[in-house]
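Trainee: I have a structure to go through. Can we take it helix by helix?

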Amino acid sequence: MEAAEKATCRSVDNFNPLITTIFQVSCILVISHMFHILLKPLGQPGPFAQLLAGVVVGPTLLSRIRRVEDFFIQASSAEYYMLFSFLCRMLFMFSIGLETDIPYLKRNIRVVFTVTKSRFPFYLLIFTVLANSASPVVIRMIAESKFDNADLGRLAIYSSLISEMSCVAFVATLTACSSTIRLVGAIIATLVTVLLIFLNNYLPFVFNKRNRHNRFLTNSELFLIIFILLAISLLVESAGYTAITCCFLAGLMFPREGKTCRTLLHKLTYAVNTFVLPVYFGYTGFQFNISKIFNKLTLILTVLIILLSAGTKIVATLAACYYLKIPRNESLILSFLLNMKGNYDLIIINSPPVPKMLWENDIHDLFLSVVVLKTLILAPVVAIWLNRGEFCAHYPTTLEILNPESELRMMACAYIPRHVSGYLSLISALSGCPNATLNPYVAHLVELRKKKKSKLMYHQLEDGDQYSDEEEYGGNDVVQITNALDSFISETKIPVHEAKIVSSFLTINQDVCNGAVDLRVSIIFLPFHKHQRVDGKMKNSMEGIRTINQKVIRHAPCSVGIFLDRGQTGFQQPHGSLSVQHIATFFFGGPDDREALACGKRILMHSQVSLTDFRFIQANSSIQNSWISDASHKDEEV
C-alpha cells in the first residue's frame with residue numbers, strides 16, 4: 001500500500017515542472033560560475049566546474065534532501081530537462097561547425113582520421129559509448145587553456161569531432177538497418193539536412209545584401225536563422241535520429257564571408273559559453289547519483305570499465321601518434337583528451353536508438369556513472385598538464401626558422417581604415433604559395449576614451465544595436481574596416497580574421513603583445529607613424545603611434561614589421577592582377593635583414609610577384625680608399 005501511495009504521489013506533479021526546471025537551471029548556472037571562479041586560479045576548466053555543479057544540485061548531494069528532491073525531481077520534469085538539453089545541444093553543435101577551421105581540416109585529414117535482433121546491437125552500442133569522445137568537453141578545455149591555436153590543440157579538437165561524428169554515423173546506420181520505418185526516417189533526415197544546408201547558403205547572401213552598410217544583422221534576421229535550424233532539427237529528432245550531425249554540418253557548410261557569419265559568431269559565442277554549455281554539462285552531472293554505485297559489484301564494474309576503456313583508448317592513440325611521429329609527451333596528452341565523455345554517449349544511454357531496446361536500470365546507472373566519473377577524474381589531470389605550459393610555449397616566433405611551406409600566422413594592426421587597404425595587399429601577396437597556408441588576423445586598435453553613459457534603455461535601442469559601450473568604440477571606422485575585409489574575402493576567398501583591441505594608448509602595446517601570444521603569430525605588422533600625402537611628402541598620422549610601435553618592438557614575443565603604405569603609388573594587391581609586381585629587399589646583414597629576406601621569400605611565392613635582392617658587402621678599407629682617391633681625380637660624384 002505504501003509503495004502504491006508513493007507511486008501515485010510521483011505520478012502527480014507537486015509543483016509546476018516548468019518552474020522547477022527553470023529554478024534548477026538557475027541553480028546550476030549560479031553554482032557552476034561560483035565553482036569556476038574558485039577553481040580557475042587552480043587551472044581547472046569550465047566543464048569540470050559545471051559537471052561538479054550538476055553533481056552538487058543532483059541526487060548525489062542537495063537532492064538527497066527530501067524537500068529538494070520533491071521540488072526538482074517530478075513525474076514530468078524529465079521531459080523539460082530533455083527539451084533544454086536538446087536546445088543546448090543544437091546551439092553549441094551549430095556553433096562548433098561555424099568555428100571549424102576547414103583549411104586546417106583539409107590539410108590534416110589523414111592525421112585526424114588516423115588518431116580516431118540479436119544482442120549484437122546491444123554490444124555495439126556499449127562499444128560506441130566507450131569509444132566516443134565528447135567534442136564539446138574537449139573544445140572547451142582546450143579553449144580555456146588558450147591551447148586552441150596550437151597544432152596539438154587543433155589536432156585534439158578535430159580528432160574528437162571526427163570520433164563523435166563517426167559514432168553518430170555508425171549508430172545511425174545501425175538504426176536505419178533495424179526496420180523499414182527507420183530506413184524511411186533516415187532518408188527524411190538526410191533530405192531535411194540537405195534542405196537546411198541549402199537555406200543556410202541562400203539566406204546569408206540575402207541578409208548580407210540587405211545590411212551592406214551595417215556591421216551586424218538585425219535581431220529578427222538572426223532569429224529566423226535560429227528558428228529554421230531548430231525546426232529542422234526537431235524534424236530529424238522526430239524521425240528517430242539525433243540532430244547533432246545535422247546542426248554540425250549546417251554550421252560547417254555555412255558561408256564564412258559577410259555579416260551573417262560574423263553576427264552568428266558574435267551572438268552565439270558568448271551565449272553558448274556563458275549559458276548553454278554550463279546548463280548542458282550541469283544537467284549531465286545532475287543525472288549522476290553516487291548512491292547507485294555503492295553496491296560492491298557495481299563499484300568494481302565501474303572502476304574496471306573506466307580503466308579498460310581509458311587504457312584501450314590511450315594505447316590506440318599512442319600507437320597512432322607513434323606512426324605519425326608525434327612526440328611522446330604530446331601523444332600522451334592527446335590520448336587523455338580523447339578520453340573525455342559527456343555528449344553523444346549520454347544520448348545513447350538515455351534514449352537507445354534501436355527500437356524496442358531499453359537499458360536495464362542497473363546498466364543505465366552503470367554507464368552513466370562511468371561517463372560522469374571518467375570526465376571528473378581526467379579533466380583536472382589534463383588541465384594541470386596543459387597549464388604547465390610545455391605544449392603551448394614552443395612555436396615559431398620568426399619567419400627565418402619557419403618552414404616556407406608551413407602555416408604562417410600573422411597579425412596586422414590598424415588604427416584607421418586607410419591602414420587596412422595596404423595590409424590586404426600584403427595578405428594577398430603572402431597567400432600566393434599553393435602549398436603554404438596563411439592565417440591572417442587584422443586587429444583594429446581603438447583608443448579607450450572616457451566612458452559615456454547611455455540614457456537609452458535596452459528596449460529603446462534600434463533593432464540590431466548592442467547594449468554595450470564597447471560596440472561604440474571605433475565609430476564609423478569599424479564599419480569601413482569590416483566592409484573592406486568583407487569585399488576582400490568575397491573577391492579572393494582568403495579567410496581573414498577580424499579582432500578589435502580597445503585600450504588606453506598607454507597600455508595598448510601590452511594588449512597587442514598578449515594577443516600575439518594567444519594567437520601564436522610569427523610576425524606582427526604595425527603601421528608607420530607617417531603617411532604619404534598626394535604631393536609625395538610624409539605627414540604624421542596620429543600622435544602616439546610612434547611610441548606604441550617602439551614599445552611593441554621592445555616587448556613583442558615575435559618578429560615585428562613596420563608597414564609603410566604609399567597608397568596608389570606603392571605595392572598593389574597582386575591577386576587577380578595581370579601585371580607583375582616588382583619588390584626589392586636590401587640585405588646588409590644581421591637578424592633583422594634575414595627576417596626581411598624570409599618575408600620577401602614568402603611574398604616571392606606568389607606568381608604575380610618578382611623579387612630583387614640587393615646585398616651590401618663591406619669592402620676592404622684599402623680598396624675603398626684607393627677607389628675614392630681614383631674617383632677624386634675625375635669630375636664624377638662619388
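This is a predicted model: local features need pLDDT of at least 70, side-chain atom pairs count only at pLDDT 80 or more; totals for chains, interfaces and linings use all residues.

Trainee: Is helix H9 (residues 135-144) largely enclosed or open?
Mentor: Buried means under 20% relative accessible area. Eight of the 10 residues of H9 are buried, so H9 is largely enclosed by the rest of the structure.

Trainee: Which helices do the buried residues of H9 pack against?
Mentor: The buried residues include Pro136, Val138, Arg140 and Met141. Their packing partners are helices H3, H5, H10, H14, H16 and H18.

Trainee: What is the phi of the lysine that follows H9?
Mentor: That residue is lysine 146. Its phi is positive, near 55°.

Trainee: How are helices H19 and H23 arranged, roughly parallel or roughly perpendicular?
Mentor: Two packed helices are described by the angle and the distance between their axes. The axes of H19 (residues 417-430) and H23 (residues 591-604) come within 7 Å and cross at roughly 75°. Angles from 65 to 115 degrees count as roughly perpendicular. H19 and H23 are therefore roughly perpendicular.

Trainee: Which residues of H19 and H23 make the contact?
Mentor: H23 supplies Cys599, Arg602 and Ile603. H19 supplies Leu426, Ala429 and Leu430.

Trainee: Is leucine 304 buried or partly exposed?
Mentor: Leucine 304 lies in helix H15 (residues 296-323). Its relative accessibility is 44%. Buried needs under 20% and exposed over 50%. Leucine 304 therefore counts as partly exposed.

Trainee: What accessible area does its nonpolar surface patch have together?
Mentor: The patch is formed by Leu297, Leu301, Leu304 and Leu308. Together they have about 380 Å².

Methods
Residues are numbered from 1 along each chain as its sequence is written. Side-chain values use heavy atoms; hydrogens and water are left out. Patches are made of residues with over 30% relative accessible area and no salt bridge: like charges are joined within 9 Å, nonpolar side chains (Val, Leu, Ile, Met, Phe, Trp, Tyr) within 5 Å. Accessible areas come from the Shrake-Rupley method with a 1.4 Å probe; for residues, only the protein chains shown count as cover. A salt bridge is a side-chain nitrogen of Lys or Arg within 4 Å of a carboxyl oxygen of Asp or Glu. Helices (H or I, at least four residues) and strands (E, at least two) are DSSP runs, numbered from the N terminus. Buried means under 20% relative accessible area, exposed over 50%, partly exposed in between (1.4 Å probe, protein chains only). Axes are lines fitted to C-alpha atoms, for helices over the stretch in contact, and angles run from 0 to 180 degrees between N-to-C directions. Angles under 35 degrees count as roughly parallel, over 145 as roughly antiparallel, 65 to 115 as roughly perpendicular and the rest as oblique. Contact means heavy atoms within 4.5 Å.
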